Amino acid sequence: MSGPQTGTGTGTGTDELLIVGAGGFARETAQAVRDAAAADAAHGRAPRWRLAGHLDDDPALHGRNVDGVPVLGGCDRVHELPAARVVVCVGSPRDQAVRARLVRRLGLPESRYATVVHPTAVVSGSSVLGAGSVLLAHCVLTAAVRVGAHVAVMPHVVLTHDDTVGDFATLASGVRLGGGVRLGRGAYVGAGSLVREYAQVGAWSLTGMGSTVLADVPPGEVWAGSPARRLRAAGRPALDELARDAARAAGGGGHAGGKGHAGAAGREDGTGPQPEARMPDARTPHTPVPDTRMGSPVI
């Protein structure tokens, strides 16, 4: 993550916004944009965003409206609309790496990514949000919370003092994190989960719905229950991302969102370079774990 972001546009007017994806998370983000526009209008301000439409690779959706928002074509159309800001709103607990792969494939500079914050969310002045992240209704970030790039924060999530959330993480609805928690790159924390203060959920791990996490969750594992216990290894897409991250670190590739692992030249399946998205240094007394990613497992 490279610096503070806000839920606004450039500050000089209304920016166009493209939502990549047209599923449930994308529709929720579109509603958040509409709610933000209504709040701006109520306060006599120009809207932060003008919602240009969805982009989705499902050809059956092209030319259709989803909740009144047009689907303009496939995801790669972002390159045909260079003035529009972008937010990638895809994800699944069955494949928690899908958002990371799509961001790599698009190869956009970080400056193209918007940060969308619902008007009912509460974000303290000491907290930081990364590019491409989405905070839905009634989220709370209390003090010195650091949220990475392309993070999905669903409704009624509470992040307390000094929490750190890695790039591509997903926090499903009703998640509560105690102070000083670290979620790694791509971690997926299931709906209603509680995570004890200063606990860590490792990169590309996943916690089940309603879990109570009292101990550190290693990278690349699925935990569930109260208290949460290991069920199994994470799915193949998550483990592939974990291996990719390890290879990149061994090759000096560095942080989340950096170049690909050795031999990949920053590309996956022939796509363009992955944008840089860095997490700041943690402020917890724990040794950092690799960053995490995405949501609630079906168990």
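Predicted model: local features only at pLDDT ≥ 70, side-chain atom pairs only at ≥ 80, totals over all residues.
Helix α1 covers residues 24-42, and its length can be checked against its geometry: because 19 residues at 1.5 Å a residue should span 27 Å, the separation of 27 Å between its end C-alpha atoms agrees with expectation. Several residues of α1 are buried, among them Phe25, Ala26, Val33 and Asp40. The helix is followed by Gly44, whose phi is positive, near 70°.

The sheet considered here is open and consists of six strands, which pair in parallel in the order β7-β10-β13-β16-β19-β22. Its edges are formed by β7 (122-123) and β22 (212-213), and since each of these has a single partner strand, one side of each is left without a neighbour in the sheet.

Around strand β10 (140-141), two loop residues deserve attention. His138 lies in the loop between β9 (134-135) and β10, where its phi is positive, about 65°, although the residue is not a glycine; with a relative accessibility of 42%, His138 counts as partly exposed. Ala143 belongs to the loop between β10 and β11 (146-147) and is likewise partly exposed, having a relative accessible area of 30%. The C-alpha atom of Ala143 is separated by 5.9 Å from that of Ser124, although the two residues are 19 residues apart along the chain. Leaving aside neighbours within four places in sequence, Ala143 is in contact with Ser124, Ser126 and Ser127, and also with Thr160, His161 and Asp162.

Phe168, in the loop between β14 (164-165) and β15 (170-171), is another residue other than glycine with a positive phi, in this case near 70°. At 1% relative accessibility Phe168 counts as buried, whereas His138 is partly exposed.

Finally, the peptide bond from Ser226 to Pro227 is cis, with omega near 0°, and Pro227 itself is found in the loop that lies between β23 (221-225) and β24 (228-233).

Terms used. Residues numbered from 1 in each chain as written. Heavy atoms only, no water. Helix = DSSP H or I, 4+ residues; strand = E, 2+ residues; numbered from the N terminus. Expected span 1.5 Å × (residues − 1). Buried < 20%, exposed > 50% of the residue type's maximum accessible area, 1.4 Å probe, protein only. Contact = heavy atoms within 4.5 Å. Pairing = 2+ DSSP bridges.
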